[in-house]
Amino acid sequence: MQFLDIILKKRNGENLSKEEIDFLVGEYVAGKIPDYQMSAFLMAVYFNSLNRKETAYLTESMANSGDKLDLTQINGFKVDKHSSGGVGDSVSLILVPLVRSVGLKIGKLSGRGLGHTGGTIDKLESIPGFNVDLTTDEFLDSIDRIGMAIMEHTSNLVPADQKLYELRDVTGTVKSLPLIISSIMSKKIACGPDGIVLDIKTGSGAIVDEFKEAEELAGGCVDIGREVGLKVSALITDMNQPLGRAVGNALEIKEAIKVLKGEKAGDLKEVTVALVAELLLQSRKAETLKGAREIVESKLTSGEALSKFEQLVENQGGNPEVANNTDILPGSDQKARIKTDQQGFVGELDALKIGRAANLLGAGRSEKGQKIDPGVGIQLERKVGEEVTEEDPLAVIHYNDEKHLNRVKQMVGEAYNMRETPPPEVQLIKERVR
Ligand code: URA
């Protein structure tokens with residue numbers, strides 16, 4: 001088999017067989033296909049797409065490209081969650097202990113921030129001592145013993161996705177639905193859970209901005225999961241504005257702790273509760289969505305979710321005191337308030353612009369391996385629909401270095417779009433896909 005023939009077939013809009021897809025994944029991971037040829041193939045997929053069967057073959061082949069986790073020896077219903085990525089998305093920080101508090105088990109592999117989106121691993125590393133670098137045995141042992149663990153994705157799990165994603169990132173081929181579906185689902189399948197919930201974002205800060213595409217993405221992932229015998233459901237959620245009010249690593253940990261304490265209502269809590277409720281339904285520990293939500297909410301108000309968070313932090317070497325004293329987290333020396341001269345209501349708050357501003361401040365990275373500042377970020381004092389006077393800050397920038405401050409201030413100011421009357425209410429959870 002020649003890889004050039006596979007490229008030509010896809011360029012000409014023909015369908016690929018399972019053997020051809022297995023060949024291209026296997027040879028690429030083995031280093032036998034050069035990046036320039038794989039780039040041509042990815043671009044052919046970008047323009048001519050993959051049908052359902054081809055996408056399923058690619059997913060399976062990628063999932064089998066390295067090690068797989070075997071959770072079968074661990075009792076109980078094991079779950080996983082994936083977000084297609086957004087700004088201020090600290091859902092996983094809350095979801096993992098919350099899932100555990102409702103009696104499910106979860107082993108979560110997460111990534112670092114890149115571009116305008118943050119990463120759970122960077123956020124957790126802002127907790128003094130927290131170790132994200134577990135061995136597979138330590139990870140499995142933690143799931144078995146305390147029912148939860150979070151670690152950084154390792155290169156021996158789904159190496160095909162690591163290599164392909166890096167190449168897609170620099171060849172303009174990230175935004176291809178079959179490539180996104182296979183990337184997401186191969187990683188989930190390789191982790192061996194019983195149930196998966198997906199948070200597919202749509203809006204300016206999401207990988208797919210159009211709702212229709214988000215629907216196709218969610219449907220494609222759910223179909224593939226079902227084909228391999230997993231319980232999968234997806235929520236399509238709004239990412240036109242950042243989720244929550246904090247964007248930045250330690251700031252997001254603080255906000256997550258407030259939600260875990262039951263102190264904070266709002267979109268971040270809403271999305272997290274809805275995702276955990278889906279998992280409870282899958283596990284059959286709840287019969288109705290309403291019943292599932294009630295169970296989840298009760299774990300936030302009772303303090304059980306918070307105590308699971310402390311246990312998670314302690315188990316991974318972090319200082320559990322953080323749950324009651326967030327002053328031990330890194331912070332910023334300086335703060336700058338962003339105000340408006342236009343009294344009224346926030347009409348829009350562009351997630352992409354806020355994500356880019358936080359990145360420029362040092363909260364994220366534009367290149368892999370770049371050092372970040374865990375203490376900096378943007379606190380959003382006003383979100384869409386909220387009233388503002390000239391006295392109130394729209395946002396507060398937490399910074400340690402003035403280098404890009406003026407540009408960041410401008411970007412944050414531009415992210416806000418004011419209007420005289422309240423805008424239509426944001427529909428946070430746009431659809432359930434099951
Ligand atoms: N998230 C992933 O894991 N993969 C993609 O391709 C896009 C978003």
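A polar contact is a pair of N or O atoms within 3.5 Å; within protein, one must be able to donate a hydrogen and the other to accept it, and residues adjacent in sequence count only if both atoms are side-chain atoms. In this predicted model, local features need pLDDT of at least 70 and side-chain atom pairs count only at pLDDT 80 or more, while totals for chains, interfaces and linings use all residues. Residues are numbered from 1 along each chain as its sequence is written, and side-chain values use heavy atoms, with hydrogens and water left out.

- An N or O atom in the side chain of Lys187 lies 2.5 Å from an oxygen atom of the ligand, and a polar side-chain atom of Arg168 is 2.9 Å from a ligand oxygen atom.
- The side chain of Ser183 places an N or O atom 2.6 Å from a nitrogen atom of the ligand.

**Ligand shell**
- The residues around the ligand (one of their heavy atoms lies within 4 Å of it) are His82, Ser84, Tyr165, Arg168, Ile180, Ser183, Ile184, Lys187 and Ile207.
- H9 supplies the largest share of this shell, 4 residues, where helices are DSSP runs (H or I, at least four residues) numbered from the N terminus.

**Helix H1**
- Just after H1, Gly13 adopts a positive phi of about 80 degrees.

Terms used
Helix = DSSP H or I, 4+ residues; strand = E, 2+ residues; numbered from the N terminus.
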